[in-house]
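Have the sequence and the 3D view open as you read.

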Amino acid sequence: MIRRNMLTTTSNKRQGTSKGSKASPGPAKKALRTYESALKYLFSQTDYEQMRRVRYNADTFNLNRMRNLLKAVGDPHRDLQCVHIAGTKGKGSTATMLAHMLASCDHKVGLYTSPHIVDIRERIRVNGDMISRADLTSLICRFEPIIEKMDDKPTFFEIFTAMAFVHFAAQKVSVAVVETGLGGRLDSTNVLKPAVCGITSISYDHMDQLGNTLAAIATEKAGIFKKGTVAISVPQVPEAKRALKRAAKEGNIPLVFTGDEIEFSYRVESSRTSGCQTRVCLTTPRSRFEHLTVPLLGEHQALNCGLALALLDQLKAVGVKIDDAKAVSGLADVYVPGRMEQISTEPRILVDGAHNAASISALMRAIGQHIPYDSMVMIFGCAADKDINGMISQVATGADKVIFTRARDNARAALPEELAEKYAACTGREAQIAQTLSTALEIAGSAVTREDLICVCGSFYLVGEAKRLLKN
């Protein structure tokens, strides 16, 4: 049972550098010879991440289109030994913790996550290194003639997912850890036949696409379940848990939960020397992890850490060689950008990609547990299709002052005026408005002292822009 014992403003698609590796094979077309021209072509494809309204159906999210694209490049996904992770929040953290542990056990590990924070190459990593510019350019050049011949053109996310699979196959990764994009059932990644499936916490998000109830959302997430493959979930609220169990029963899927079938516990402790820490214990017939320190801040990360450990244990069960001591060492080194990340000390600025009500609630609790401050100024912006009322009600629980703004590169961003109006109606409080994040940071910076905290949250677009602004 569980026991609780400032400044450049280029596009979000701006690219950085990486250590890289040998370029994936494939012909390069002259017109797309440079990295910049290749990216321009890629970004010209249909991108649902940039659309305010997207119909969620088998036409819009077409797995046959994805399968046809993969077939044209040799079906690289069929030979990948992989872990598939879905859920509303915590997917990226869980995937990253698992990938670090596997790499520490001397495996070559592919990691596919989304969205990115600053550099699009963050989405495809091998043993922590982003795909190189040369590799990504080569892949786009290889895919371009294939895409142009297809009557039903693939989307940006489908293309990028397929390129990740090709890259992982070319790099001969021993395990690929893959996070879904939207939902699960119709997600482009759902062509995989994983060694194990993971489900992180389910809460309200993307309701226009996935449904207005937790049961409906959970059912879509359960779409990644595969017959004969064990699925592992974190503890869920009753409505979501019932839906997952129902989907597993209908598909004859072995489904287990940390805290139920898998012995799991965590506790939050505090000391003068180490501050506030969360520790987890997880025990199975194959593994015994006791009092491990969760490397990421926030009590909610204990559940993600427990899931990562359970997924690691299941990989051991299917024959993946795991050294528990090495895995624990790898866990201690985990760092996930954009999750309670401090990007400035004077003034103190914290960024977090929390982008739904449950995530912001968890963030407010985590800040209270781990970060001392006198007053907190919240800079908030989110997409217009989010549960805005739910999000701003959680913002109000921790923020002493709120500045609403919008990310310049998010076409789906809600207007600051609309956010402020809803905030006033929901809380009875007034908030400030800034049309740009740089202006919001200037306003916040002039209002705080050394003991105060500025927190930027609401979307990964906003977090990415903040990191770019503060880089110089």
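Helix H3 (91–104) and strand E2 (109–112) each give at least two residues to the lining of the second largest pocket. Helices (H or I, at least four residues) and strands (E, at least two) are DSSP runs, numbered from the N terminus. This is a predicted model, where local features need pLDDT of at least 70 and side-chain atom pairs count only at pLDDT 80 or more, while totals for chains, interfaces and linings use all residues. Residues are numbered from 1 along each chain as its sequence is written, and side-chain values use heavy atoms, leaving out hydrogens and water.

**The pocket**
- H3 supplies the largest share of that lining, six residues.
- The volume of the second largest pocket is about 430 Å³.
- Of its 24 lining residues, Thr 96, Leu 111, Arg 125, Tyr 335 and Pro 337 are the closest to the centre.
- A pocket here is an open set of points on a 1 Å grid over the protein atoms alone where a 1.4 Å probe fits, with protein on both sides within 12 Å along at least five of seven lines; lining residues have an atom within 4 Å of a point.
- The lining splits into nine nonpolar, ten polar and five charged residues, with Tyr and Pro counted as nonpolar and Gly as polar.

**The sheet**
- Three strands form an open sheet in the order E9-E10-E11, with antiparallel pairing (to pair, two strands need at least two DSSP bridges between them).
- Strands E9 (263–271) and E11 (288–293) are the edges, each pairing on one side only.
- Strand E10 (residues 275–283) pairs with E11 over four bridges, and Val 280 has Leu 292 in E11 as its bridge partner.

Conventions. Grid points are joined across faces, edges and corners, and a volume is the space filled by probe spheres set on the points.
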